[in-house]
Amino acid sequence: MARLDHLHLSPQGFLFDHHSGLSFSTNSTGAFVLDLLIQGLARQEILNRLVEDFDATPDQAAFDLDEFLALLRQHRVLPRERREAEA
Amino acid sequence: MSSAPRDWRDAGIAVSGMNAADNPAPGVAVARSLREAGHRGRLVGLAYDSMDAGVYQRQLFDEIYMVPYPSRGSEALMGRLRQVVGDGPLDLVLPTLDSEMELYLTLQHDLRELGARTFLPDERGLSMRAKSRLAEFCRVHGFHVPPTEVVHSLESLREIWEEISDPDGRQPVYIKGIFYEARKAWTLEQALSFFIEISARWGLPIIAQRGLPGFEYNVCCLGDGEGGLIGAVPMRKLGVTDKGKAWSGVTVGEPRLLELAREMIAALRWRGPCELEILCEEESDRLCLIEINPRFPAWCYLCAGSGQNLPAALAQVALDGHSGELPPARSGVIYSRAAVDIICDLGVLESLSVSGHAAYHQTTEREP
């Protein structure tokens with residue numbers, strides 16, 4: 001997976017998309033996922049990290065992750081190629 | 001005629017576009033950018049109305065001259081510019097309004113004889129990007145453009161309505177004037193009414209353009225006239241006024257915008273500043289050109305704020321022949337406009353009303 005270097009994420013969970021000019025705020029779990037997305041990790045790798053680091057079952061983590069990814073697609077934070085790869 | 005200074009920052013520069021209300025002209029932003037880059041020469045504001053707010057920016061301008069409206073013709077304007085030259089050094093004239101461009105094109109040789117340069121596009125480039133010809137230009141050069149029709153009568157607007165309007169009725173048709181103004185029409189009746197209003201103000205033709213779902217980028221560009229792009233700063237509006245004009249924005253680093261700007265400037269062989277209005281289509285993510293404005297945008301101070309001061313680069317290129325390599329604009333730089341009350345002595349208004357000239361600071365005649 002390619003790194004998403006056009007996304008700037010602050011430790012406080014503030015996200016700025018240098019391509020679209022849009023900014024977002026997210027909680028610490030969202031920031032955790034975004035940080036991994038920016039590093040270029042694939043969905044399954046992110047899911048594994050969520051299960052490892054958070055007290056969540058694989059099913060629950062997968063459900064929450066997919067919902068979050070859908071939200072990022074809706075706001076065009078994830079680029080088109082990534083959306084297709086995820087689909 | 002005075003000799004040109006060795007450093008552009010000592011040059012006498014005149015800037016037009018002093019209106020600085022909620023839909024401001026670019027003049028104040030251009031002047032601010034020049035001063036921020038260290039310009040210390042004579043800076044003259046050319047105003048059409050003594051109540052234009054830029055007129056009262058004494059921290060920027062040394063002098064203000066009232067000038068005749070473009071509709072008065074080139075002789076009237078040239079006569080006034082001769083007075084500006086007679087009163088002090090003038091090395092560069094920087095018009096900033098769409099409606100002035102053709103006029104200054106016809107005056108550039110006369111101005112040069114007085115020792116004042118301009119940095120304008122040629123007639124061909126100016127004409128190719130005209131709102132009435134932009135769709136054709138895009139088709140020829142392979143740029144995407146929303147469905148667009150040029151109409152000269154109410155009858156032709158009726159004829160093309162079905163073709164130009166969104167079949168689902170979700171998007172409006174923009175009815176645009178030849179120089180300024182765009183209104184959203186959702187029905188043929190609205191479109192006909194806007195046609196009458198806008199053509200009465202700005203003349204014919206009228207441009208009808210289908211709205212597309214997506215969001216807009218704006219790019220401030222500076223071309224060298226030989227096909228090269230001197231610099232470009234892309235921005236996305238964050239807040240708009242009720243007229244849809246930018247009130248706040250942020251610079252962006254979308255690489256496709258710079259690529260498009262480079263291609264566009266090359267195709268037009270554009271000389272001078274311009275603003276590209278670009279729509280990013282929601283579904284396809286495709287970039288569509290909506291308009292090319294032949295001057296700096298009113299938000300051009302953001303260029304200076306992002307590290308790529310294009311007004312200063314223009315002055316440097318026009319007067320020194322080069323600007324050096326400009327640093328890339330930083331993305332993620334925010335700007336916001338603010339309404340500020342300016343206090344000024346009645347004498348300024350009196351001077352502008354009586355003599356059409358107000359001098360804030362003493363300027364000295366340069367040695368011939």
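**Salt bridge between the chains**

I looked for salt bridges across the interface of chain A and chain B in this predicted model, and the rule finds one. For this rule, a side-chain nitrogen of Lys or Arg has to be within 4 Å of a carboxyl oxygen of Asp or Glu. The partners are A:Arg76 and B:Asp285, with their closest N and O atoms 2.4 Å apart. I also noted what kinds of residue chain A puts on the side that touches chain B: two nonpolar, four polar and two charged. (Ala, Val, Leu, Ile, Met, Phe, Trp, Tyr, Cys and Pro go down as nonpolar, Asp, Glu, Lys and Arg as charged, and the others, Gly among them, as polar.)

I stayed with A:Arg76 for a moment. It has a positive phi of about 60 degrees although it is not a glycine. I found A:Arg76 in the loop between α3 (58-74) and α4 (80-86) of chain A. Helices here are DSSP runs of H or I with at least four residues, strands are runs of E with at least two, and both are numbered from the N terminus.

**The rest of the interface**

I checked contacts next, meaning heavy atoms within 4.5 Å. Eight residues of chain A touch 18 residues of chain B. The two chains bury about 900 Å² between them, and 45% of that is on carbon and sulfur atoms. That area is the accessible area (1.4 Å probe) lost on putting the two parts together, summed over both.

**Ground rules I jotted down**

Residues are numbered from 1 along each chain as its sequence is written, while chains are lettered from A and ligands numbered from 1 in the order in which they are written. Since the model is predicted, local features need pLDDT of at least 70, side-chain atom pairs need 80 or more, and totals for chains, interfaces and linings use all residues, with side-chain values using heavy atoms and leaving out hydrogens and water.

I went looking for cavities and pockets on a 1 Å grid over the protein atoms alone: a cavity is a set of points where a 1.4 Å probe fits but cannot get out, a pocket is an open set with protein on both sides within 12 Å along at least five of seven lines, and lining residues have an atom within 4 Å of a point. Points join across faces, edges and corners, and a volume is the space filled by probe spheres set on them.

The second largest pocket has a volume of about 760 Å³. It has 28 lining residues, and B:Val28, B:Arg32, B:Gln57, B:Arg337 and B:Ala338 are the closest to its centre. I sorted that lining into 20 nonpolar, five polar and three charged.

How many cavities of 30 Å³ or more does the structure hold? I got two. The largest has about 70 Å³ of space, and its lining includes B:Phe119, B:Met101 and B:Arg295. By class, that lining is 10 nonpolar, no polar and one charged. The second largest cavity comes to about 60 Å³, and B:Lys131, B:Thr148 and B:Glu291 are among its lining residues. Here I counted five nonpolar, two polar and three charged.

B:Leu204 and B:Pro205 are joined by a cis peptide bond, with omega about 0 degrees. I placed B:Pro205 in the loop between α7 (188-202) and β8. B:Arg269 is not a glycine, yet its phi is positive, about 45 degrees. Its loop runs between α8 (255-268) and β12 (271-281).
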